[in-house]
Amino acid sequence: MNMQLSSTPVIELHGLAKTYKSGEVEVKAVRELALRIERGEFVAIMGASGSGKSTLMNILGCLDQPTSGSYLLDGVDVAGLSRKERAVLRNRKLGFVFQSFNLLARTTALENVELPMFYSEPLIPLRIRHQRALQALEKVGLAGRVRHHPSQLSGGQQQRIAIARALVNQPEVVLADEPTGNLDSRTSIEIMGLFQELNDAGITLVMVTHELDIAAYCKRIIVMRDGSIVGDSRNDDRRQARREIERLDQEEQQAKLA
Ligand SMILES: Nc1ncnc2c1ncn2[C@@H]1O[C@H](COP(=O)(O)OP(=O)(O)O)[C@@H](O)[C@H]1O
Ligand SMILES: [Mg+2]
């Protein structure tokens with residue numbers, strides 16, 4: 001085993017900044033960030049609207065470039081890559097989950113999950129694509145819905161498909177921007193439970209949320225304000241989604257009996 005490789009943080013930022021210019025006006029969306037995220041972490045990024053969370057996530061996702069500073073993804077300096085190399089790195093190392101699921105509507109769950117593998121290099125044979133998509137759907141508890149279209153599924157189920165899609169290329173890290181933003185509170189807890197399960201199995205997760213209730217399920221909470229990190233703490237007695245769900249079920253039972 002290569003010890004040096006195994007100790008490389010998944011994400012490392014040095015003096016990372018992003019300034020938007022529109023005419024005379026400059027907006028410092030992200031200011032001189034230093035950050036390390038190790039394998040196996042489950043990080044919540046919190047902060048008021050406009051604090052720079054999405055800007056940071058877009059940079060972490062290799063969708064946008066910083067104005068200055070550096071971003072190492074799994075030890076690779078993203079700025080040194082061509083557009084094509086960045087796309088390959090993104091496809092290989094990152095999975096994405098969005099607030100609005102971003103599934104293709106006229107396409108089955110299985111095909112939605114297969115999608116990121118079409119862009120993989122080297123090409124993945126059809127049979128293997130099927131197999132891996134099925135396994136990913138099994139992992140998120142949707143093995144029985146592979147032929148369904150998104151419109152035939154609940155919000156929580158659609159988000160599970162999106163999570164399966166994020167996992168199918170076996171990424172180093174899953175980036176999620178407000179993944180529970182469109183879900184009711186019980187479904188949100190169920191999705192956090194799935195994230196906790198995946199994290200227990202070794203997946204690194206970085207998630208934006210503005211809800212403290214949701215951040216409470218993560219292992220580490222980072223708070224941003226005006227483009228800077230103003231809080232970064234371990235969340236040692238984090239909420240366990242499975243226990244919360246059990247409690248909700250009991251309450252429901254008791255309400256029925258009363
Ligand atoms: N494309 C853009 N052009 C100009 N300003 C932007 C752009 N995107 C974001 N900003 C500004 O950068 C700051 C941070 O925005 P953003 O990262 O979206 O914050 P958050 O996701 O925390 O709400 C805000 O002041 C926002 O108005
Ligand atoms: Mg945002």
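**View 1. Buried residues of helix α6 in the predicted model.** In α6, the residues Q158, Q159, R160, I161, A162, I163, A164, R165, A166 and L167 are buried, a residue being called buried if 20 or more other C-beta atoms, placed from the backbone, lie within 10 Å of its own. The helix is thus described as mostly covered, with ten of its 13 residues buried; helices (H or I, at least four residues) and strands (E, at least two) are DSSP runs, numbered from the N terminus. The buried residues of α6 pack against β6, α4 (109-118), α5 (126-139), β7 and α7 (185-200), where contact requires C-beta atoms, placed from the backbone, within 7 Å. From its first C-alpha to its last, α6 reaches 18 Å, close to the 18 Å expected at 1.5 Å a residue, the expected span being 1.5 Å times one less than the number of residues. This is a predicted model, in which local features need pLDDT of at least 70 and side-chain atom pairs count only at pLDDT 80 or more, while totals for chains, interfaces and linings use all residues. Residues are numbered from 1 along each chain as its sequence is written, and chains are lettered from A and ligands numbered from 1 in the order in which they are written.

**View 2. The six-stranded sheet.** Six strands form an open sheet of mixed pairing in the order β6-β7-β8-β3-β9-β10, two strands being paired if DSSP finds at least two bridges between them. At its edges stand β6 (94-98) and β10 (228-234), each pairing on one side only. Strands β3 (residues 42-46) and β8 (residues 204-208) run parallel and are joined by four bridges; V43 has V206 as its bridge partner in β8. Helix α6 (residues 155-167) packs on the sheet, touching β6 and β7 (173-177), and its direction makes about 165° with that of β6; axes are lines fitted to C-alpha atoms, for helices over the stretch in contact, and angles run from 0 to 180 degrees between N-to-C directions.

**View 3. The four-stranded sheet.** An open, antiparallel sheet has the strand order β2-β1-β4-β5. Because β2 and β5 (76-77) stand at the edges with a single partner strand each, one side of each is left without a neighbour in the sheet. Nine bridges join β1 to β2, and Y20 has V27 as its bridge partner in β2.

**View 4. The shell around ligand 1.** Ligand 1 is surrounded by residues including Y20, V27, K53, S54 and T55, a residue counting as near if its C-beta atom, placed from the backbone, lies within 6 Å. The largest share of the shell, three residues, comes from α2.

How values were computed: Two residues are in contact if their C-beta atoms, placed from the backbone, lie within 7 Å. A residue is buried if 20 or more other C-beta atoms lie within 10 Å of its own, exposed if 12 or fewer, and partly exposed in between; C-beta atoms are placed from the backbone.
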